[in-house]
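The structure is shown first, and the description follows.

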Amino acid sequence: MRRPNQNNPLGKRAPHQQLWESEHQVRQMIEALPVAIVVSSGADERVESINNRFTELFGYTTEDIPNVASWWPLAYPDETYREEIKARWSAKVERSHGRVEAMEASVVCKDGARRYVEFRLSSIGKKHLITFIDLTERKQVEETLHERERHSQSLLQLSRNLERAQTYGEVLQAAREEVQDIIGYQNLWVYLLTEDRQHFKALLASGAQEKAVIDNEEVALLTIKGDRMLEEIAAVREIIVVEDARTDERTDKKIVEKLGSRTIVNIPIILLGRHLGTIGTGSFGDEGVRPPTAMESDYLKALASHLAAALDRLRLFTERKQAGQALRESEENSAL
């Protein structure tokens, strides 16, 4: 039992002490919550406190964000996106009555990383409580599933178009359209290994670089020996990415300058275990350096398999047609 004293004979806590203890408990509860929290007050929305989860999530402290106004340019450095988010947020605040419904946005952390979060506001008098829930992992899973679905639909569409293709040009055009839609690369080309496996010979190309590949003797027939990139393409059966052809030690800088190459992607053409050549794509000139993501690389590998089967189908069709024509000519000559 608490002993009474002269100032507090009944042993009761003073009102100011009770208030202090209550506020202290509230701060402890805020610190313990698994969501990021900012407490601000007043018309200028001065930041009174942030919890550890907020700093863990975004890296910012009260020194970085003394008020809510300083949060906007840090979290949304892109002015266009920042104004869009501010406008949406302001509209929600105006419609609210002390409680703003949840809103989602992509936030830039102090270390430059991005997190996708859900945030909402609750106000009591002049006090404002803003909570942030990290949705990054969930968003990444959703985007991955969406991208996989896009890739699957693209490959299905490609398969249908390849079935109808009657020429090599139609085959490559169908593939280029899908690659352009999925990844953004605007050119596609096919090189086949010669019988002696000493050269890569251009079969066809599609896109703005078509003439540069087919009509230029230096590019239409490439000597493998002595060219580090070509030697690697001929030797391995994996996708090969040259992120920036201008600086990569494997590339022929004369050809790179002539074509304006930036990123070069080569996918092997494998059919029945045989390495027949390579399907190439990538970026040029103002398109800049654009290496494919891991999922885009997987997509290109699958696309190359579809292309290999279609090209081989047309090869067999052409050979049979030529054999039939030769037989008819022979029969006609015999009849004479």
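In this predicted model, strand 9 and strand 10 (residues 261-271) are joined by three bridges and run in the antiparallel sense. One point of this pairing involves V242, whose bridge partner in strand 10 is I264. Strands of a sheet pair through backbone hydrogen bonds, in either a parallel or an antiparallel manner.

The two strands belong to an open sheet of six strands, ordered 8-7-6-11-10-9 with antiparallel pairing. From one strand to the next, the twist averages 25 degrees. Helix 6 (residues 168-182) packs on the sheet, where it touches strand 6, strand 7 and strand 11. The direction of helix 6 makes about 75 degrees with that of strand 7.

| Strand touched by helix 6 | Residues |
|---|---|
| Strand 6 | residues 187-193 |
| Strand 7 | residues 199-206 |
| Strand 11 | residues 274-284 |

The largest nonpolar core has 29 residues, of which V171, I279, L300, L303 and L307 touch the most other members. Two or more residues of this core come from each of helix 5 (136-164), helix 6, strand 6, strand 10 and helix 11 (294-335). Helix 11 gives the largest share, nine residues. Leaving aside residues up to four places away in sequence, V171 is in contact with L162, A165, L307, A310, L311 and L314. Another core, of 26 residues, lies apart from this one and has F58, I85, F119 and F132 among its members. In soluble globular proteins, nonpolar side chains tend to be buried together.

Helix 3 (residues 68-75) contains S70. Is S70 buried or exposed? The relative accessible area of S70 is 19%, and the cut-off for a buried residue is under 20%, so S70 is buried. The side chain of S70 reaches the backbone oxygen of N67 at 2.6 Å. S70 also touches D64 and I65, when residues up to four places away in sequence are not counted.

The buried residues of helix 3 are V68, S70, W71, W72 and A75. Their packing partners are strand 1 (36-41), strand 2 (46-50), helix 2 (52-58), helix 4 (79-95), strand 3 (99-108) and strand 5 (127-134).

Conventions
Residues numbered from 1 in each chain as written. Predicted model: local features only at pLDDT ≥ 70, side-chain atom pairs only at ≥ 80, totals over all residues. Heavy atoms only, no water. Pairing = 2+ DSSP bridges. Helix = DSSP H or I, 4+ residues; strand = E, 2+ residues; numbered from the N terminus. Axes fitted to C-alpha atoms, helices over the stretch in contact; angles between N-to-C directions. Contact = heavy atoms within 4.5 Å. Core = buried A, V, L, I, M, F, W, Y, C linked by side-chain atoms within 4.5 Å. Buried < 20%, exposed > 50% of the residue type's maximum accessible area, 1.4 Å probe, protein only. Polar contact = N/O pair within 3.5 Å; in protein donor to acceptor, adjacent residues only side chain to side chain.
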